[in-house]
Amino acid sequence: MIQREKLSIEKSVPGRRGVRVLPASRPAADWLPERALRQHPPRLPEMSEFDVVRHYTRLSRLNFSLDTHFYPLGSCTMKYNPRANEAIAALDGFTAAHPSAPTRALQGTLEMAWRLEQMLCELTGLAAFTLQPAAGAQGELTGILLASAWHRSRRDHRRTEILVADSSHGTNPASATMGGFAVNTVASGADGRVNLAAIRAALGPQTALVMLTVPNTLGLFETTICEIAQAVHEAGALLYLDGANYNALMGLVRPADIGADILHFNVHKSFSTPHGGGGPGAGPVGVAAHLVPFLPLPRVIEKNGRYILKSSARKSIGRMRTCLGNVAVLLRGYAYLRSHDAVALRGIAEDAILNANYVRVKLSDLYPAAIDEPCMHECVLQTNPEQMRGVKTLDVAKRLLDYGFHAPTIYFPLIVPEALMIEPTETESRETLDAFVAAMRAIHAEAMTDPEQVQTAPHHLPVRRLDELAAARNPTVAWGATIP
Ligand SMILES: *Cc1c(COP(=O)(O)O)cnc(C)c1O
């Protein structure tokens with residue numbers, strides 16, 4: 001029998017106190033207007049300080065987190081984030097810097113931003129980066145506004161459409177729509193890649209931008225990407241590469257060599273920041289030389305070893321965010337890149353790819369890969385409910401929790417039925433991968449002998465199957481909310 005966690009209010013004992021607050025020297029009733037005064041005392045739990053600490057520590061331990069569990073969430077890159085980077089991000093000199101301070105008082109922050117930009121240029125071959133966007137999706141919007149400004153500067157006003165792949169991350173079509181463009185979705189071929197012929201057929205004088213995720217959301221490299229880039233440019237459009245999962249490419253491919261005009265990074269995925277639940281993030285956007293004049297302002301410029309902020313440029317799309325961007329996240333990315341040399345960065349990509357392929361090969365007899373060939377940083381496997389006595393991907397994901405593993409991303413990409421999208425990342429050991437593989441195989445065996453056990457999982461957690469839609473639509477996160 002699973003015991004429901006008690007709410008703090010249920011642990012309340014009348015009169016119990018953590019700290020005793022001294023009465024105010026001037027009671028509020030003396031100076032607050034009548035209507036602002038409370039009619040009833042607040043309904044707060046009465047607990048000792050120690051009980052409060054225990055309560056929240058217990059709750060935190062019910063979470064699945066990177067610090068406690070393998071977390072193979074495909075497309076999200078949940079990997080170990082070095083603690084040293086946290087210490088660096090917390091340095092007073094950075095956290096206490098005021099954005100409006102004169103630039104001579106901000107030299108350290110500006111130098112960090114400038115050096116980070118140089119490193120991102122080196123990794124990609126692109127001409128310049130803006131560090132402003134606060135997330136991958138905001139980076140996409142920035143890139144789309146850049147493309148829009150570029151076409152307008154050429155007085156080409158016909159370009160009202162953006163092409164995206166049907167395997168694209170959901171943010172791509174959303175950002176395109178937000179940028180004011182019509183979205184044209186291009187179907188993938190049977191090999192899980194964007195179909196070159198379909199792209200060629202869809203390109204035209206109306207095409208502003210082609211947005212592709214590389215590697216794509218099936219974890220596959222787009223093998224015709226150079227031909228696609230050529231076709232895009234011949235049509236007068238620009239090529240946007242979604243580089244959110246750059247740990248698959250780092251040191252192996254330079255997007256500028258492919259012909260990318262615009263690319264965003266997810267610093268919080270590839271370059272270490274603990275993320276999840278929507279933040280914090282940074283989505284720097286890099287551009288080829290012809291788009292540099294349109295980049296957001298301000299830009300950090302180096303002059304004889306001093307760093308200044310360039311705050312005006314005739315063609316700039318303006319600001320995407322206040323100040324320089326999400327400095328604490330950028331700092332972690334900077335520390336991460338500085339603590340690896342070029343060989344080590346390439347090794348990160350190679351290990352991420354190796355780990356994903358290891359899992360794919362070890363499981364593909366029971367959970368066939370959607371496309372059975374070497375993948376990049378993640379593999380997309382499938383559950384076969386017909387073969388597994390009605391057990392579906394959702395059931396496998398829930399049962400994994402009982403085995404002590406965070407579930408992979410499921411039912412994404414949308415073009416793969418019963419998808420399990422597994423990204424082990426480069427930071428996991430062989431032993432962890434073997435344990436995960438063993439759990440997946442054990443779940444398969446359970447499905448064959450006792451499918452109901454899998455279909456009713458999880459059995460060992462404080463809550464069973466929640467109404468996920470309701471949880472997302474009507475979250476009750478406030479204190480005092482009742483749990484059904
Ligand atoms: C995560 C991700 C995004 C969106 O990034 P956010 O920082 O969550 O906005 C875009 N594209 C791909 C491929 C991603 O994996």
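Of the 10 residues of helix H14 (residues 393-402), 9 are buried, so this helix is largely enclosed by the rest of the structure; buried here means under 20% relative accessible area, exposed over 50%, and partly exposed in between, with a 1.4 Å probe and protein chains only. Helices (H or I, at least four residues) and strands (E, at least two) are DSSP runs numbered from the N terminus. The model is predicted, so local features need pLDDT of at least 70 and side-chain atom pairs count only at pLDDT 80 or more, while totals for chains, interfaces and linings use all residues. Residues are numbered from 1 along each chain as its sequence is written, and side-chain values use heavy atoms, with hydrogens and water left out.

The buried residues of H14, among them Asp395, Arg399 and Leu401, pack against strands S11 (409-410) and S12 (419-422) and against helices H15 (430-449), H16 (451-455) and H17 (468-473), where contact means heavy atoms within 4.5 Å. Just after H14, Gly404 takes a positive phi of about 85°.

S11 and S12 lead on to a sheet, an open one in which 3 strands follow the order S10-S12-S11 with antiparallel pairing; two strands pair if DSSP finds at least two bridges between them. Strand S10 (379-382) and S11 stand at the edges, each with a single partner strand, so one side of each is left without a neighbour in the sheet. Between S10 and S12 there are 4 bridges, and Leu381 stands opposite Leu420 in S12.

Elsewhere, Leu59 belongs to helix H2 (residues 49-62) and is partly exposed, with a relative accessible area of 31%.
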